[in-house]
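Hi everyone, thanks for coming. I'd like to walk you through one structure today, so please have a look at it while I talk.

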Amino acid sequence: MYKIKTTFLALLISISSDATEGMWLPNLLRQYNESDMKKMGMKISADDIYNVNKNRLKDAVVHFGGGCTGEIVSAEGLLLTNHHCGYSQIQALSTIEKNYLENGYWASNPSEELPCEGLTASFIIEIKDFSQVMLSLSAGIPEDKLSDKIKQLSDSIEKANVSGTHYKGSLRSFYHGNQYFLFITEVFRDVRLVGAPPSSIGNFGGDTDNWMWPRHTGDFAYFRIYSGKDNKPADYSKDNVPFKPRKHFVINAGGVKEGDFTMVFGFPGRTQSYIHSSALETIYTQSNPDRIRIRAERLGVWQQRMEQNDVIELKYSSKYKSLTNHYKKWKGENLGMKKFNALAMKVKEENAFRAWTNADPGRKSRYDGILEELADVQMQLRPYIRYMDYYTEALTGVEIYGIASRLKNLVDHISRDSVDANETDRLLKKTKSDLEAFFKNYDAETDRLLAQVMIKLVVAELPDSVLPAQISDKKAMGPEAVLSYINSIYDRSFLTSKDSLMTYLESIGAGKLDSLKNDPAWKYFDEVQKKMRSTLSAEMSRLNARNFALQKKYMSGLMEMATEKNKSLYPDANSTLRVSYGKVEGFEPRDGIAYRYYTTLDGVIEKADPSSDEFKIPEKLYRLYASRDFGRFNTGGKVNVAFLASNHTTGGNSGSPVINGRGQLVGINFDRMWEGVMSDLYYTPENSRNISVDIRYVLFITEKLGDASWLIQEMDIVTK
């Protein structure tokens, strides 16, 4: 196996001339980014952002629910994030009678704050570099054994570094396995809803405006972190108290202007900036089109059912919103790649790497042929990627699969020869809790219709050899047999009924598993899962192990080349804490069209349409606008709603604090321009803009629409 050279690892990030690209590790800003940031207008220091021994801005940023970001805005643990990040919690707390999605929710004091079951907020305590340890101990391990070795080492390091504390550890790979950092976290488990505007504010514009500009969405919500009386994480209890944070943001309601420095601090999910052109081609020509097609069919079924029934609309609104988000994003990625000829640009970069490699015998010995090997592996992976896309989007997208998957750990445990009764009780309790939450937003008839569409699509598109056995058998018998098979699952299964399933769980045991394993929904789940493991996952794992080794070597070469050319390389996003920075600026998407950098309440009123679910607004907002009752958070008689900036962001940055040069909160990141979402795959500075809700709109809606002045008083607000 290729032996990784580490001599240039410490030099891999040099001063960058294009500071708007990149998602940077906060613990390395002082060495590699501080000078650039100050040139762009930052007044604070890198030490003010991250210092493990002092309370700094990183102590006011949380990983919200594991998929978004939030920021602490008071000394009492008050937290701001996006409305869409809290959407599922708001939905779970809603009923037809108390529909907080439709009407909003504003606690008038802490006693009215609502517990959100299962919601967490995680702080980063420290980031430690374990690159040398991991690289030396994993050197020489065969490709097919490397993943297991890395997991073994990671588990050991995580355990050793948090033993005897209430902290958690997560060792993460960077630069495709060329660096490793340990993130020590503090995870709070009692997080409560404090306030949220109605969806007509928090999701104003709906899917039509999603990923678009100009934007007029008040995408924010308040939560609060609670702790035990010792200020440490605790399970929910009425005796818990508001958490006293190490740091909270000062809010600047003075506004932003074009050219102002901005910084986004959060947990970006995933980018693939350094993949081979053949992998990019797979995404562009195959994977995105397949996933777009499948999701369009899924969304069509749900939309039709939601339009027919208010109860189903409430059940499926959060799931529908989640599916729509990526559906539209994938379409935007392909549009961007076509417009900017991303595949050709990627090939051009690879040709430059090849020329650099060939110019030196030492480099040629290290990297010769790596690009061709990556292309070869990708061609072998391509059909399996297609099969897996259809499985994960279509076959496992059918919700009976999700019901059965929630039972699997319990079933596997009970099936063992020796069963721990305490563990059985724990798993049973967790399974019941998971299913209670699931069935709140489930409708069996909707799922039946979805299964009919999804399985029909899979039968039409995939070869018989990769289909689950029963589906393959029914396919051979004709379309009517396939439809009859699907209907028989929903007609005969007790898994689609909450009452029947919960009754079964009351008496589940080793002798009671036959009825479950003979259930048609369980058989569907079991066959789909087995086929994925035996035919798809096994071969994909082998090819991915080879691809990982090649990509690691290629990344090593890119890092070496960047160092020689005094250029910067940032690590791909992987849901770890990052800083991106840029400036407030507008955008020219097409010839003759120029967007200014901000929107105002005027635009909300212009777009408002009482006949449209996406563009209706509360009657009270009309009255506030008509009377110009904007309070103290207006600028020149206008209320700013949103603004654009050139910070490099992705999914996971939703809810991230947008910070000015003085380290003060000026907005909440919530979206990107549709023309620039391909930045997850290929970045173009002229095309990439993040969209943030202006903090002045947050404060205006809180005070005037939500009548929650007590929250305004709790926060530290400056206006200069």
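Let me start with a question: what covers the buried residues of H20? Keep in mind that this is a predicted model. The cover includes helix H15 (399-405), H18, helix H19 (469-477) and helix H23 (520-564). The residues being covered are Ala481, Val482, Tyr485, Ile486, Asn487, Ile489 and Tyr490, which are the buried ones in H20. As for the helix itself, H20 runs over residues 479-492, so to speak, with 14 residues. From first C-alpha to last, H20 reaches 20 Å, close to the 20 Å expected at 1.5 Å a residue.

Now let's move to one of those covering helices, H18. H18 spans residues 444-461. With its 18 residues, H18 reaches 26 Å between its first and last C-alpha, close to the expected 26 Å. Buried in H18 are Thr446, Asp447, Arg448, Leu450, Ala451, Met454, Ile455, Leu457, Val458 and Val459.

Who packs against H18? I have two partners to show you.

On the H14 side, the contact is made by Arg386, Tyr390, Glu393, Ala394 and Leu395. Facing them in H18 are Met454, Ile455, Leu457, Val458 and Glu461. By class, the contact of H14 with H18 has seven nonpolar, three charged and no polar residues.

The next partner is H10, residues 277-308. Here the packing angle with H18 is about 160 degrees, again with axes 10 Å apart. That makes H10 roughly antiparallel to H18. What is the handedness of the crossing of H10 and H18, left or right? H10 passes H18 in a right-handed crossing. H10 contributes Arg293, Ile294, Glu297, Arg298, Val301, Trp302 and Arg305 to the contact. From H18 come Glu445, Thr446, Leu449, Leu450, Val453, Met454, Leu457 and Glu461. The residues of this contact divide into eight nonpolar, one polar and six charged.

Isoleucine 225 sits in strand E10, residues 221-227. Its relative accessibility is 0%, so isoleucine 225 counts as buried. Beyond residues up to four places away in sequence, isoleucine 225 touches a list of residues including Val62, Ile72, Leu79, Phe123, Phe188 and Pro242. Proline 242 is 17 residues from isoleucine 225 in sequence, with 6.1 Å between their C-alpha atoms.

Serine 122 belongs to strand E6, residues 121-129. At 13% relative accessibility, serine 122 counts as buried. Leaving out neighbours within four places in sequence, serine 122 is in contact with Val61, Val62, His63, Glu186 and Val187.

Last, some backbone details for those of you who like torsions. Tryptophan 213 and proline 214 are joined by a cis peptide bond, with omega about 5 degrees. Proline 214 lies in the loop between helix H9 (206-209) and E10.

Which phi does tyrosine 175 have? Tyrosine 175 has a positive phi of about 50 degrees although it is not a glycine. This tyrosine 175 is in the loop between strands E7 (168-174) and E8 (179-188), and at 4% relative accessibility it counts as buried.

Aspartate 707, also not a glycine, has a positive phi of about 50 degrees. Its place is the loop between helices H26 (695-705) and H27 (709-714). At 57% relative accessibility, aspartate 707 counts as exposed.

Notes: Residues are numbered from 1 along each chain as its sequence is written. This is a predicted model: local features need pLDDT of at least 70, side-chain atom pairs count only at pLDDT 80 or more; totals for chains, interfaces and linings use all residues. Side-chain values use heavy atoms; hydrogens and water are left out. Axes are lines fitted to C-alpha atoms, for helices over the stretch in contact, and angles run from 0 to 180 degrees between N-to-C directions. Helices (H or I, at least four residues) and strands (E, at least two) are DSSP runs, numbered from the N terminus. Contact means heavy atoms within 4.5 Å. Ala, Val, Leu, Ile, Met, Phe, Trp, Tyr, Cys and Pro count as nonpolar, Asp, Glu, Lys and Arg as charged, and the others, Gly among them, as polar. The expected span of a helix is 1.5 Å times one less than its number of residues. Buried means under 20% relative accessible area, exposed over 50%, partly exposed in between (1.4 Å probe, protein chains only). Angles under 35 degrees count as roughly parallel, over 145 as roughly antiparallel, 65 to 115 as roughly perpendicular and the rest as oblique. A crossing is left-handed if the near helix is turned anticlockwise from the far one by less than a right angle, and right-handed if clockwise.
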